[in-house]
Amino acid sequence: MTFHEMNPTIKFLTVTCLMFGLAFMYNPWTPLVVFFGTLVLQFIFSDVSWKRWGLFMIPFLLTALGTLWTTLVFGREASGQVVFSLFGNDVTEENVLWAATLSLRVLAFTVLSLLFTLTTDPKRFVYSLMQQARLSPNIAYSVFVGFRFFPILKIELMQLYETHALRGVRLDTRIDHVRHIPKLLIPLLAGAIRQAERIAFSMEARGFTGEHRSTYEVIPVTRNDFLLASLLFTLFGVSVWIGVR
Amino acid sequence: MLNSWKLKEIVLLSILSVVFAVVYLAFVHVGNLWAGLIGPIAYEWIFGIWFIVSIITAYIIRKPGAAFLSEVLAASIEMMIGNAIGPRIILVGIIQGLGAEAAFALTGYKRYDLWVLMLAGFGAAVTSFAYTYVMGGLSALSPTYVALMFALRATSGMLIAGIGGKILSDLLLRTGALEGYAVTRQRKAHG
């Protein structure tokens, strides 16, 4: 029983519900408990690279810090004792509590998101949406086309760089390349649109009608999915209980 | 909703979503760098970027659902290629897409003038701000600061997404790649 095997649609719904619930909790303890609880669950029921996890976490630590000080400096006028003064704004106990809540909320959102992102294979997610959530195959297969498009776009981008260099654009350093990107956007998009048309025609030529079809990959719904979901919901229940108490 | 769509329109929608998902993700990182320094307001003035695919797709395909679907797809693809905002971003996409879609629905999907595109940018700003207000707990901030955030986001939506989207689409139109889509047909019909 791992989060990797969990049905992606159920995982998606569970994680989204928890995040929504968190948004209505105005105490610092709930997000804190969710943060550590999710880490524990992730440790037990998954096999993710913690190095990757850490890298993904860094930008959100920054956001959490930004949220912390914004809420302190631009906080709403609140009752309670003034703890300290920041840039001429009196910070009360209530302000501190809010600031802690909001920045911990950012962190709790992030661990939940990472629990989903790091254990979910995009392809399985799309198949699962098609099989369990009745997503239109038209959209699902277009998303697959979109995915196949990344390498094509990369090749087209390289070709555009080469043609532009041939025509005398100076592209010596990496910075030159980055700076030149805005000029490539239109030709890149125009090329992509033409490709899209060709791909659509060849899909139709091979008999794609957009109706539901059988697939090799069947994503099941098992008892374990509900067990894992209820673990997450229990965690949230406990965190709310601790927070409100 | 998709019954009246041709497959090539759906694939186009998907590919525009892919391209802009990459752009969106790049700007999430730009925003994040700033946000550590100046707080959540860092995102506001560039927020219009995250509405642009709605406007471009609706302008090109001109069918109900184009603005909504493209935004949701872009958000989903953004999540799959590694945005740590995770599943929540799909929700964001749905909400932003609905805001933009509302503007086109109001005109009965008949008009695609600049003001409609700007209205769509504004609509996306309104719905997405409501979401930020709840999820980001903005009620803890002073009302003046919240008003400033909203004003920045609305302006950004109208300028970057509305006007920017129109400029980009018209540049694309000039390349001739959009032959066979509603935007070219309708333009020819009106002379």
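1. Helices (H or I, at least four residues) and strands (E, at least two) are DSSP runs, numbered from the N terminus. This is a predicted model: local features need pLDDT of at least 70, side-chain atom pairs count only at pLDDT 80 or more, and totals for chains, interfaces and linings use all residues. Residues are numbered from 1 along each chain as its sequence is written, while chains are lettered from A and ligands numbered from 1 in the order in which they are written.

2. Start with two backbone points. B:Tyr109 sits in the loop between H4 and H5 of chain B. Its phi is near 55 degrees, a positive value in a residue other than glycine. B:Tyr109 has 17 other C-beta atoms within 10 Å and is therefore partly exposed. The cut-offs: buried means 20 or more other C-beta atoms within 10 Å of the residue's own, exposed means 12 or fewer, and partly exposed lies in between, with C-beta atoms placed from the backbone.

3. B:Arg62 also deserves a look. It is not a glycine, yet its phi is positive, about 55 degrees. B:Arg62 lies in the loop between helix H2 (52-61) and H3 of chain B. It counts as partly exposed because it has 19 C-beta neighbours inside 10 Å.

4. Next, the helices on either side of that loop. The axes of H2(B) and H3(B) come within 8 Å and cross at roughly 140 degrees. Axes are lines fitted to C-alpha atoms, for helices over the stretch in contact, and angles run from 0 to 180 degrees between N-to-C directions. The pair is therefore oblique. Under 35 degrees counts as roughly parallel, over 145 as roughly antiparallel, 65 to 115 as roughly perpendicular and the rest as oblique. The crossing of H2(B) past H3(B) is right-handed, that is, the near helix is turned clockwise from the far one by less than a right angle.

5. H2(B) brings B:Val53, B:Ser54, B:Thr57, B:Ala58 and B:Ile61 to this contact, and H3(B) brings B:Ala66, B:Ala67, B:Ser70, B:Glu71 and B:Ala74. Contact means C-beta atoms, placed from the backbone, within 7 Å. The residues divide into 6 nonpolar, 3 polar and 1 charged. Here Ala, Val, Leu, Ile, Met, Phe, Trp, Tyr, Cys and Pro count as nonpolar, Asp, Glu, Lys and Arg as charged, and the others, Gly among them, as polar.

6. The largest nonpolar core has 78 residues, of which B:Val11, B:Ile52, B:Ile55 and B:Ala120 touch the most other members. H1(B) gives the most to this core, with 13 residues. A nonpolar core is a set of buried Ala, Val, Leu, Ile, Met, Phe, Trp, Tyr and Cys residues joined through C-beta atoms within 7 Å. Beyond four places in sequence, the contacts of B:Ala120 include B:Ser54, B:Ala58, B:Ala100 and B:Gly162.

7. Now chain A. A:Leu18 is in helix H1 (residues 8-22) of chain A. It is buried, with 21 other C-beta atoms within 10 Å. Not counting residues up to four places away in sequence, A:Leu18 touches A:Leu112, A:Leu232 and A:Phe236.

8. Finally, the interface. 42 residues of chain B are in contact with 53 residues of chain A. H1(B) gives the most to the chain B side, with 17 residues. That side divides into 30 nonpolar, 10 polar and 2 charged.

Terms used. Two residues are in contact if their C-beta atoms, placed from the backbone, lie within 7 Å.
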